[in-house]
Amino acid sequence: MSQQLPDIAFFHVLADAASKETLPRFRSQLNLHVDTKSTEEFWFDPVTDADREAERVMRDLITARYPDHSIMGEEFGTTGSGPIQWVLDPVDGTRPFLCGIPVWGTLIGLTHNGRATMGMMSQPFTGEKFWADGAYAWRCGPQGEGQLVTRKNVTLDQAILHSTSPELIERNPIVHFRELTERVLMTRYGGECYAMAMLAAGQIDICLEFSLQPYDIVALIPIIEQAGGVVTTLKGERAEAGGSILASGCPLLHEEALKMLNG
């Protein structure tokens with residue numbers, strides 16, 4: 001009975017529940033407890049009680065509504081099995097969260113038989129949500145609600161490129177990132193998941209991330225794809241498993257950027 005795909009309204013329920021845990025802790029050092037978990041990429045990889053509690057409330061809601069669905073989350077791993085899996089990142093962008101910069105977001109993704117079909121990125125401080133309902137991508141916020149559409153027919157010399165952290169560029173010398181930066185109009189850093197949402201909104205043309213986990217990208221794949229964009233690994237394969245990921249607003253631009261990055 002519960003092996004049914006949810007409607008998008010439930011994503012809003014999950015995002016609102018998560019925001020009740022994250023927003024009171026944002027820019028509030030008194031209410032925030034910070035730990036660190038070192039990784040291969042970063043010696044400081046912070047995790048906070050905002051991350052843990054937001055994921056906990058979302059898991060509880062999913063389990064109550066869809067007990068047969070699997071859940072993968074950044075903080076508490078994977079539970080359950082089956083064709084439908086929720087993929088959660090309660091605070092994507094914990095570093096900007098700690099810095100008080102509102103480019104973090106709660107990522108809520110859904111895969112069906114391994115393919116990302118629905119997703120949401122919620123930014124409660126700016127009052128914005130970006131989501132994909134299985135057919136189209138949408139946004140709502142202070143400027144109202146509307147459909148997301150990526151920018152098309154952009155030449156490489158007019159493209160805006162984004163990557164979250166320049167730290168990883170030197171650690172990935174086989175990726176020809178510098179060559180790409182020399183061809184595009186401009187390159188910006190530090191936007192986290194918000195930059196991917198801006199790609200879906202037609203504000204950014206190319207996003208490159210060197211090392212993503214599934215919970216970093218699954219929610220964003222359908223948002224970008226259903227807005228008209230493309231998301232793949234640098235090998236040109238599906239991106240649900242993470243890794244080095246390229247997202248582009250225009251399929252032709254995507255192919256050109258892939259060729260350049262791969263030398």
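Glu256 and Arg183 form a salt bridge in which the closest N and O atoms are 3.8 Å apart; a salt bridge is taken as a side-chain nitrogen of Lys or Arg within 4 Å of a carboxyl oxygen of Asp or Glu. Because Glu256 lies in helix 8 (residues 251–261) and Arg183 in the loop between helix 4 (177–181) and strand 12 (186–189), the pair ties together parts that are 73 residues apart in sequence. Helices (H or I, at least four residues) and strands (E, at least two) are DSSP runs, numbered from the N terminus. Glu256 is partly exposed, with a relative accessible area of 35%, and Arg183 is also partly exposed, at 41% relative accessibility. Here buried means under 20% relative accessible area, exposed over 50%, and partly exposed in between (1.4 Å probe, protein chains only).

The model is predicted: local features need pLDDT of at least 70, side-chain atom pairs count only at pLDDT 80 or more, and totals for chains, interfaces and linings use all residues. Residues are numbered from 1 along each chain as its sequence is written, and side-chain values use heavy atoms, with hydrogens and water left out.

Side chains of opposite charge can pair when their charged atoms come close. By the rule above, the count comes to 11 salt bridges. One of these joins Lys129 to Asp16, with the closest N and O atoms 2.8 Å apart. Lys129 lies in strand 8 (residues 128–132) and Asp16 in helix 1 (residues 8–22), so this pair ties together parts that are 113 residues apart in sequence. Lys129 counts as buried, at 13% relative accessibility, whereas Asp16 is partly exposed, with a relative accessible area of 37%.

The side chains of Asp205 and Arg151 also meet in a salt bridge, at 2.5 Å from N to O. This pair links distant parts of the chain, 54 residues apart: Asp205 is in the loop between helix 5 (192–200) and strand 13 (206–212), and Arg151 is in the loop between strand 10 (144–147) and strand 11 (160–163). Asp205 counts as buried, at 1% relative accessibility, and Arg151 as partly exposed, at 34%.

Gln123 is placed in strand 7 (residues 115–123) and is buried, with a relative accessible area of 0%. A polar atom of the Gln123 side chain lies 2.9 Å from the backbone nitrogen of Thr126. With neighbours within four places in sequence left aside, Gln123 is in contact (heavy atoms within 4.5 Å) with Pro102, Trp104, Glu128 and Tyr194.

Val230 belongs to strand 14 (residues 230–233). Val230 and Pro24 are 206 residues apart in sequence and 35 Å apart in space, C-alpha to C-alpha.

The second largest pocket holds about 210 Å³ of space. On a 1 Å grid over the protein atoms alone, a pocket is an open set of points where a 1.4 Å probe fits, with protein on both sides within 12 Å along at least five of seven lines; lining residues have an atom within 4 Å of a point. The lining consists of Asn172, Ile174, Val175, Thr233, Leu234, Lys235, Glu237, Gly243, Ser244, Leu261 and Asn262. By class, this lining has 4 nonpolar, 5 polar and 2 charged residues, with Gly counted as polar.

How values were computed: A polar contact is a pair of N or O atoms within 3.5 Å; within protein, one must be able to donate a hydrogen and the other to accept it, and residues adjacent in sequence count only if both atoms are side-chain atoms. Grid points are joined across faces, edges and corners, and a volume is the space filled by probe spheres set on the points.
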